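Subject: Handover of a structure and the findings

Dear colleague,

Please find the structure below, which I am handing over to you.

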Amino acid sequence: MDEFGVSGRQAGTAYRRERAVEKLLVEELARQGVTAERLEITIRGQSKPLLTDTWDEKHRELYEAKGTVARAKVREAIGQLLDYRRHITPPPATCTVLLPLDPGEDLTELIHSCGFDLVYLEGSKKLVRKPAA
């Protein structure tokens, strides 16, 4: 089996960026009168529940945040949203990928091709939404 090392420093940096952009989103939702939370999804036969990122119950919108715009992380976010969505009843009205930067045209098209919105940080405090449709 092929193995490779992963730098803890890079992973930690991405995690901090993910949490920072989530914090800005939660603050923005609060200004709109929306309480954001995380959902715990229990799956039959699994010992541990899945814990989502930000959930906006008022608008039934599920966000999956990533700390980098690397293709692998964007694809991971899409996969997580697809997995979570099928376990939430009724399903979310909107699923959104939340990123610390504009991921560029190709990855934006990938996110939109799944029917998901994109929200990313522009500058240090401005969240930009690019809806799927």
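The notes below go from the overall fold to individual residues.

This is a predicted model, in which local features need pLDDT of at least 70 and side-chain atom pairs count only at pLDDT 80 or more, while totals for chains, interfaces and linings use all residues. Residues are numbered from 1 along each chain as its sequence is written, and side-chain values use heavy atoms, with hydrogens and water left out.

Overall fold

The chain holds three helices and six strands. Here helices (H or I, at least four residues) and strands (E, at least two) are DSSP runs, numbered from the N terminus. Read from the N terminus, the order of elements is α-β-β-β-α-β-α-β-β. Of the 133 residues in the chain, 35% are buried; buried means under 20% relative accessible area, exposed means over 50%, and partly exposed lies in between (1.4 Å probe, protein chains only). Among the contacts in the chain with a separation of 6 or more, 48% are between residues 24 or more positions apart. Contact means heavy atoms within 4.5 Å.

The six strands form an open sheet with the order 1-2-3-4-5-6 and mixed pairing. Two strands are taken to pair if DSSP finds at least two bridges between them. Strand 1 (36–41) and strand 6 are the edge strands, each pairing on one side only. From one strand to the next, the twist averages 35 degrees. Angles run from 0 to 180 degrees between N-to-C directions, and axes are lines fitted to C-alpha atoms, for helices over the stretch in contact.

Leu118 has Lys130 in strand 6 as its bridge partner. These two strands form a hairpin with three residues between them, and Gly123 in the turn has a positive phi of about 75 degrees.

Helix 3 lies across strand 4, strand 5 and strand 6, and runs at about 145 degrees to strand 5. Helix 2 (residues 71–85) packs with helix 3 (residues 105–113) at an angle of about 10 degrees, and their axes are 10 Å apart. Helix 2 is therefore roughly parallel to helix 3, a term used for angles under 35 degrees, with over 145 counting as roughly antiparallel, 65 to 115 as roughly perpendicular and the rest as oblique. Helix 2 contributes Arg71, Val74, Arg75 and Ile78 to the contact, and helix 3 contributes Asp106, Leu107, Leu110 and Ile111. By class, this contact has five nonpolar, no polar and three charged residues. Ala, Val, Leu, Ile, Met, Phe, Trp, Tyr, Cys and Pro count as nonpolar, Asp, Glu, Lys and Arg as charged, and the others, Gly among them, as polar.

Individual residues

Strand 3 includes Glu64 and Ala65. Glu64 counts as buried at 2% relative accessibility. Leaving aside neighbours within four places in sequence, Glu64 is in contact with Asp53, Ala77, Gln80, Leu81, Tyr84, Thr96, Val97 and Leu98. Ala65 is also buried, at 0% relative accessibility. With neighbours within four places in sequence again left aside, Ala65 is in contact with Glu18, Glu22, Asp53 and Leu98.

Lys73 in helix 2 is partly exposed, with a relative accessible area of 33%. Beyond its neighbours within four places in sequence, Lys73 is in contact with Lys66 and Thr68.

Two backbone features in loops deserve a look. The peptide bond from Thr89 to Pro90 is cis, with omega near -15 degrees, and Pro90 lies in the loop between helix 2 and strand 4 (94–99). Arg60 is not a glycine, yet has a positive phi of about 50 degrees; Arg60 is placed in the loop between strand 2 (50–56) and strand 3 (61–65).

Finally, the cysteines: Cys95 counts as buried at 4% relative accessibility, whereas Cys114 is partly exposed at 27%. The count of disulfides is zero, a disulfide being a pair of cysteine sulfur atoms within 2.5 Å.

Yours sincerely
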